[in-house]
Amino acid sequence: MIPLSILDLAPISAGSDAATALRNTIDLAQRAERWGFRRYWVAEHHFVSVASSSPAVLIGQIAAATNTIRVGAAAVQLGYTTAVAVVENFGMLDAFYPGRIDLGVGRSGQRRSDEGKPKRPRQPRPPRVWHETDGVVIPTPFDLRGLLDVDRLQATMAILQQPEAISPDFAEQIHDILALLDGSYRAGGFDVHAVPGEGSGLRPWVFGSTRGQSARVAGALGLPFVASYHITPATALEAIEAYRETFVPSAALDKPYVVVSADIVVADDTETAQRLAAGYGHWVYSIRTGVGAMPYPESDHLPTLTAAQFDLVKDRLATQFVGNPDEVAERLAALQRVTGADELVVTSVTHRHEDRLRSHELIARRWGLTP
């Protein structure tokens, strides 16, 4: 079996709080190390009911509470920070925990690379229909336009940056990060050295969801790529294809390295798993119709989603792997076959922390990570 890793959002459950969510994250990370997971990644989210707002801070706490498991960001949102800050923060983490830190980056908050350039007419693409490949569901792309409160979203996201700040292009920031890491960065004709960070051995992991800039930059620079099937199942395979098409061997990699994410809930039996996952649709609905996730609801006594609500989340429900260990392992294996992934990363959210622990423990055992 290929390696299996964890992506954790530090979710806040209904009736709980951020402090409890963060303690739960440390607990899960310590157990994940014992269960044999390859790495433990934490997301970056803001102004929602998850507690992972500062990956570098949380990574330091997790690394301090564990001994061997790799710990990283999934992913630092480069649109809200600078290349220097990223390299220095993660360089410091690597100095404390050498060889255990993964620097994951994504282009959230970024301006587009073609911003300000004349728009070329797009070539029409054949309509994509909902289908399955080797049992892996590939839904039609979901269009958020018309659902999001754009004014509210822009107002809240704007305060993550300094007033009137303009983020550099994503590719430019990746190049800057690489130059700062290898000691070749220059500003205004002068050498600039990031301390700590330079010479640390860190390398960026690029996270992406479509065949757009993230996938192409990762490929062109010979960096590992993480495709978010759990968030964008309709376009994750296209992203992987674009990454492999553009891949150029580098000092970091001589061939493409692909990680694919999946959302899972595992229990001792199928009925229990389905009951534990019953709140997932409501949670995704809150994300897609607001500015982010509500506290994760308790599954019991939830109202049934209306037909209109279900239509907004059916792609995510169809691509969540829910069941007993054999059922979920079979779907993960199919995802690996279809994508050719070198590694899988799973995220599992339930209302009760005990059920989330059990979900990860069961898949670790079934995947062969633990005795």
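Biologist: Which residues is threonine 347 in contact with, leaving aside its neighbours within four places in sequence?

Modeller: In this predicted model, threonine 347 is in contact (heavy atoms within 4.5 Å) with Leu7, His230, Ala262, Asp263 and Ile264. Threonine 347 belongs to strand E14; helices (H or I, at least four residues) and strands (E, at least two) are DSSP runs, numbered from the N terminus. Residues are numbered from 1 along each chain as its sequence is written, and side-chain values use heavy atoms, with hydrogens and water left out. Local features need pLDDT of at least 70 and side-chain atom pairs count only at pLDDT 80 or more, whereas totals for chains, interfaces and linings use all residues.

Biologist: Why is threonine 347 called buried?

Modeller: The relative accessible area of threonine 347 is 4%. Buried means under 20%, exposed over 50%, and partly exposed in between (1.4 Å probe, protein chains only), so threonine 347 is buried.

Biologist: What lies 3.1 Å from a polar atom of the side chain of threonine 347?

Modeller: That is the backbone oxygen of leucine 7. A polar contact is a pair of N or O atoms within 3.5 Å; within protein, one must be able to donate a hydrogen and the other to accept it, and residues adjacent in sequence count only if both atoms are side-chain atoms.

Biologist: Why does threonine 66 count as buried?

Modeller: Threonine 66 has 4% relative accessibility, and therefore counts as buried. This residue sits in the loop between helix H2 (55-65) and strand E3 (70-73), and its side chain reaches the backbone oxygen of isoleucine 62 at 2.8 Å.

Biologist: What makes H1 roughly parallel to H12?

Modeller: Helix H1 (residues 18-35) and helix H12 (residues 353-367) pack at about 15 degrees, their axes 10 Å apart. Axes are lines fitted to C-alpha atoms, for helices over the stretch in contact, and angles run from 0 to 180 degrees between N-to-C directions. Angles under 35 degrees count as roughly parallel, over 145 as roughly antiparallel, 65 to 115 as roughly perpendicular and the rest as oblique; H1 is therefore roughly parallel to H12. Residues making the contact include Leu28 and Trp35 of H1 and Leu357 and His360 of H12.

Biologist: What is the mean pLDDT of the protein chain?

Modeller: The mean is 92, and 92% of the residues reach 70 or more, where pLDDT is the predictor's confidence in each residue, from 0 to 100. Over residues 112-120 the pLDDT falls below 50.
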